[in-house]
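Here is a structure to read alongside its sequence. The text below goes through one hairpin and its surroundings, then turns to a disulfide.

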Amino acid sequence: MIASHLPTFPPFLTLLTPLETAMTRFSSHTSTLALSAALMLTASIAQAKDRIVVLSDTLPPEAAKVSYVHAMSVMGATKPGDSVTFMNGPTGEIIGKVEVPEGQDGEKMLRYKQLKAKAFGPTINRLKGHFKSAMKSAETLPKDAVSMQVNFAQTLGTLAYFAKEEPQVIVLGSSRFYDPRLPDYSMAHSFPNEAHWMYEPSATPFGAGGRAGTLEGVQIHFCDLDAEHVKPMQLRGLHKAIGLQVQGHGAELATISTSVKTCVTRAISGDASGMEVFEWNGRDKAVKIYDALLTGEVAPRQKAEQIKQVGGLPISDADKSELIAQITTGSTVLAEVELHDTDSEDGDVVALVSGSVRINVALRKKPQRVFVPIRNGKLTMEGVRDGGGGITVGVRTKADDRLRSPVMKVGQQIALPFVTS
C-alpha cells in the first residue's frame with residue numbers, strides 16, 4: 001500500500017556527465033535504489049510532519065551520491081500533510097520544498113504519476129543542479145580545505161526561522177568547520193574545547209550564548225559523512241561540540257552518527273531512542289582549539305595508566321588535578337622523555353616545560369626517563385644550570401626516537417618537535 005504512494009525519482013547516475021560517470025564508476029546502482037526503497041518503507045511509522053534536510057554545497061562524487069540517495073529517501077517518506085524542505089547549509093538558501101496536502105488531496109497527489117511529477121519534479125530538478133554544482137566545487141577546493149561542510153553553527157541560527165513549526169532536521173555533511181578567513185578556528189585537523197558554546201557567536205564561530213530556547217522542540221539527526229578523514233579523538237571532540245551547540249539552542253540531538261544509513265533510518269522513523277546528552281565539564285573557561293594531529297590518540301587503558309603516573313610527578317596538587325582533567329578529556333597526553341648528559345656529568349640542569357608544568361632534571365651520564373605532559377604536541381626544554389662548557393644534553397622521546405643533542409645556555413629555550421601517533 002505504501003509503495004504505491006512512492007514517487008519515482010531519477011537515479012543518481014543521471015546527475016553526472018559521461019566523464020564524471022566514467023571517473024566515479026558507480027556500479028552499485030541497483031543496490032542504491034534498493035536501499036532507497038527500503039528506507040522509504042519506514043514512512044509508515046514516521047512522526048514528523050515537517051522535515052528540513054540540510055545539505056553541503058561542496059561534495060566529492062561519492063559523498064554526493066550518498067547525499068542524493070538519502071535526500072530522495074526522505075522525500076519518498078512524505079505522507080499527506082507532510083512537507084520536506086532542502087536547505088544549503090553553508091549559505092542558508094532554500095534549494096527546494098515539497099508539500100503534500102492533507103487528506104484525500106494528498107492521497108491523490110501521491111497516487112497519480114502526473115500529480116506526483118508536478119509536485120516533486122521542480123524540487124528534484126533543483127536538487128540535481130545543486131549536486132552537480134557541489135561536485136564541481138569540490139574539484140576546486142584548496143588542498144587543506146574541508147569538503148562536505150554544512151557550517152553547522154550558522155545552520156543552527158538559520159533554523160531558528162523555522163523553529164515555530166518544530167521541524168525534524170536531518171543534516172547530511174561534515175562535522176568539521178573550515179573558513180580561510182578564520183584560520184584560528186579551522187577544524188581541518190582540530191576540534192574545539194567545551195568552553196566555546198558558552199560564548200556569544202560573535203566571540204567564537206561555535207558559540208551558543210544567548211541562543212537558549214531558540215530551537216525548542218526541534219529534533220536534529222546529524223549524519224556525519226566525514227568519518228574517514230578524521231581521527232577518532234577528533235571525531236569525539238567534534239561530535240561533543242555539535243551536541244553542546246544543539247543543547248545550547250534548546251534543541252534535541254536525536255542522532256549523531258557516521259553511519260548515514262542508520263542516521264536517516266532513525267530520522268524517517270522518528271526514532272530518538274538512545275539520544276546522547278552531552279554535558280559541559282565546567283572546567284573549560286577559556287576557548288581553545290585542540291590539534292588532533294599533535295595531541296595524539298590515547299586508548300582508555302593507556303589513559304588510566306597515565307593518570308596513575310601523574311601522582312609521582314614533582315608538581316603541585318593543583319597542577320596534578322588540572323593535568324588529570326586534561327588527560328581525561330584527551331587534550332593532553334603524558335609522554336616519556338629520555339634525558340642524559342652527552343659530555344661529562346658536571347651538574348648540568350634542564351627544565352621540561354609544558355603549559356604551567358615545569359620539571360627540572362639534573363642530567364646524568366646514564367639516561368633518565370621522565371614523564372611529562374604534552375599539550376597539543378608542544379614541549380619546551382630550557383637550560384637551568386651550566387656545570388661548565390655549556391649544557392650538554394641528549395634527549396630522545398618514545399614517539400620520536402631520533403637523538404637530539406644540543407648544547408644550551410642558561411635561560412635558552414628549545415622547542416622539542418614531539419611527534420605522536
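**A hairpin and a disulfide**

Gly92 has a positive phi near 80° in the hairpin of β2 and β3, where 5 residues lie between the strands. This is a predicted model, in which local features need pLDDT of at least 70 and side-chain atom pairs count only at pLDDT 80 or more, while totals for chains, interfaces and linings use all residues. Residues are numbered from 1 along each chain as its sequence is written, and side-chain values use heavy atoms, with hydrogens and water left out. Helices (H or I, at least four residues) and strands (E, at least two) are DSSP runs, numbered from the N terminus.

Strand β2 (residues 83-88) pairs with strand β3 (residues 94-99) in the antiparallel sense through 5 bridges; two strands pair if DSSP finds at least two bridges between them. Ser83 is placed opposite Glu99 in β3. Strand β1 (residues 50-55) runs parallel to β2, and 6 bridges join them. Here Leu55 faces Asn88 of β2.

A search of the whole structure finds 1 disulfide (a pair of cysteine sulfur atoms within 2.5 Å). Cys223 is joined to Cys263, S to S 2.1 Å. The pair links distant parts of the chain, 40 residues apart: Cys223 is in strand β6 (residues 219-224) and Cys263 in helix α8 (residues 260-269). The torsion about their S-S bond is about -80°, so the disulfide is left-handed.
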